Amino acid sequence: MADQLDAYRHKRDFARTPEPAGEVAADGAGRRFVVQRHRASRLHYDLRFEIDGVLVSWAVPKGPTLDPAARRLAVHVEDHPVEYLHFEGVIPSGEYGGGDVIVWDTGTWEPVHTADPGAAVRSGELHAEVHGEKLHGRLVLVRRGEGEEWMLLHKHDAHAVDGWDPEDHPRSVLSGRTNEEVEADPDRLWRSDAPAAEASVSLLPEPLPDAAIDALGALGHQGTWEVFGRRVKVTNLDKVLFGGDPPITKRELLAYTARIAPYALPYLEGRPLNMHRYPDGADGKGFWHKQRPEHAPEWLRCWENPDADEGETTAYVVPDEPAALVWVANFGALEWHPWTSRAEAPHEPTYALVDLDPGERTSWDELLVLARLHRTALEHLGVAARPKVTGRRGIQVWIPLVAGYTFDDTRAWVEKLSRTVGKVVPELVSWKWEVKARRGLARLDYTQNAINKTLVAPYSPRPAAGAPVSVPIGWDELDDPDLRPDRWTIRTVLDRLADRGDPFRALLGAAQELPEIN
Ligand code: MN
């Protein structure tokens, strides 16, 4: 039995698998089953029976059925750990099984004609009476020949239904969602590089308690705010930072920052931060501040840049906890610009970025044309990516990467992608470096793929009236007639998150290689 999970383990990339994965449960008493609808490189259904403490599994391309006339191919695949039983969410692309998974059906089962279903599987024939929400009655699995190919059928019994097709019943029995809906806003991520007990990771941030916002409201013009377990000194709380009706004070900015921090942090943690400070508000003068100030609190993580030359920034703030972002906002940073790389590997970008930068003459519709062409190109290449509106005029596309690329690699790849797109609409695009020479046309800016060059973080405010926010969107939203680059503000984006979730969450943990562009 100890070897039952070996095949599963072997499918892993051991370079990214530091710890043993999956313990075989001891009692073996479970009689549960699950069918997961899994969109990986190909759509299939995974039929899994709990036997001897593991999930004995078959991949069924056309899915199980109640139709007694159907004979379905079922490929016997590696056992999965029982922790996977009710997993619903995403598996990072680039990992084994990368894609999205829903619990299409689940329930209990009994083996028929045997008390030892493990032996039945080894002998090549398993009869199972299943009690699911969709599947009922007698399923039979029979091995064909010597390989891993089996046949799955449903007996002519009281539960049989002629012509029954699983694709007519596409929703999860756990959440009621389709694969598409789970992919757009997943609740969980399966980290196949972690031990089985820790592999299912929640993607839902812990929201800030309302009491913390009340405490901020109760402070005078300044004070110490207890937030996320830290004591953060907050100042000038009634200073107006953005125009608006009513105008937006620093207190409101800090309240927004604390509320959004659990959502924004996954895109900031572990990364040096370039702070765009506007101490006199969005109408005042802004400047870049990169050096961690002497007065920063002890708990704020700092990273010393080993490559810093004379006169360059030596120590950066790394916002590794939500309170750090509150400190950053209190410091007057209205915009948060994390590095594309992490502090541990500053020369290895974890995203490739496409910056669709409109010129003075570029209309919003023309920018959408450019964004949709990038969508088409990325779909054609099979590359997972998501767009985001900048909160000003632009759109960016973020493409998650496996470790090991250099900025030279990502810059060259994005240049190739964007030049290919640009050839389709040469009348909209300029490749000139000088703004004046661009004649008001859009720039497809691949040069942002460089160390210490940054784009604004997801959910960062922008220094403009009303405090617009840079917001990740789904590809389908490019076709929404109400979409605008500055559609959401610090007063509206939390409602959007509650309605629609965070489309960038599907990118977290993705480990993707960039295909050749010809
Ligand atoms: Mn599968």
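This is a predicted model: local features need pLDDT of at least 70, side-chain atom pairs count only at pLDDT 80 or more; totals for chains, interfaces and linings use all residues.
Contact here means heavy atoms within 4.5 Å. The axes of H5, which covers residues 210-218, and H6, which covers residues 250-264, come within 10 Å and cross at roughly 160 degrees. Angles over 145 degrees count as roughly antiparallel, and H5 and H6 are therefore roughly antiparallel to each other. The crossing in which H5 passes H6 is right-handed.

Helix H6 also packs against helix H10 (residues 493-500), with axes that come within 11 Å and cross at roughly 30 degrees, which makes H6 roughly parallel to H10. In this case the crossing is left-handed, and the contact is made by Tyr256, Arg259, Ile260 and Tyr263 of H6 together with Val493, Leu494 and Leu497 of H10.

## The open sheet and its helices

Five strands form an open sheet in the order S26-S23-S25-S24-S27, and the pairing is antiparallel. Strands S26 (443-445) and S27 (471-472) stand at the edges, each with a single partner strand, so one side of each is left without a neighbour in the sheet. For S27, the pairing with strand S24 (residues 386-389) is antiparallel and runs over 2 bridges, and within it Val389 has Val471 as its bridge partner.

Helix H8 (residues 364-381) packs on this sheet, where it touches S23 (351-357), S24, S25 (395-400) and S26, and its direction makes about 15 degrees with that of S25. Helix H9 packs on the sheet as well, touching S23, S25 and S26, with a direction that makes about 40 degrees with that of S23.

## Arg419 in helix H9

Helix H9 spans residues 407-424 and includes Arg419. This arginine counts as partly exposed because its relative accessibility is 32%, a value that lies between the limits of under 20% for buried and over 50% for exposed. Leaving aside neighbours within four places in sequence, Arg419 is in contact with Trp431 and Tyr446. Val82, by contrast, is 337 residues away from Arg419 along the chain, and the C-alpha atoms of the two are separated by 48 Å.

## Strand S9 and its partners

Strand S9 (residues 149-154) is mostly covered, with 5 of its 6 residues buried. It pairs in the antiparallel sense with strand S4 (residues 72-81) over 4 bridges, and in this pairing Val75 stands opposite Glu149 of S9.

Strand S8 (residues 136-143) also runs antiparallel to S9, to which it is joined by 5 bridges; here Val140 has Leu153 of S9 as its bridge partner. S8 and S9 form a hairpin with 5 residues between the strands, in which Gly145 takes a positive phi near 75 degrees.

## The manganese site

Which protein residues supply the donors of the manganese ion? They are His38 through ND1, His44 through NE2 and Asp46 through OD, lying 2.1 to 2.3 Å from the ion. Along the sequence these donor residues follow the spacing H-x5-H-x1-D, and both His38 and His44 are buried. Because water is not among the atoms, a site may look incomplete, and the list of protein donors, His38, His44 and Asp46, should be read with that in mind.

Methods:
Residues are numbered from 1 along each chain as its sequence is written. Side-chain values use heavy atoms; hydrogens and water are left out. Donors are N, O and S atoms within 2.8 Å of the metal (3.2 Å for Na, K and Ca); water is not among the atoms, so sites may look incomplete. Buried means under 20% relative accessible area, exposed over 50%, partly exposed in between (1.4 Å probe, protein chains only). Two strands pair if DSSP finds at least two bridges between them. Axes are lines fitted to C-alpha atoms, for helices over the stretch in contact, and angles run from 0 to 180 degrees between N-to-C directions. Angles under 35 degrees count as roughly parallel, over 145 as roughly antiparallel, 65 to 115 as roughly perpendicular and the rest as oblique. A crossing is left-handed if the near helix is turned anticlockwise from the far one by less than a right angle, and right-handed if clockwise.
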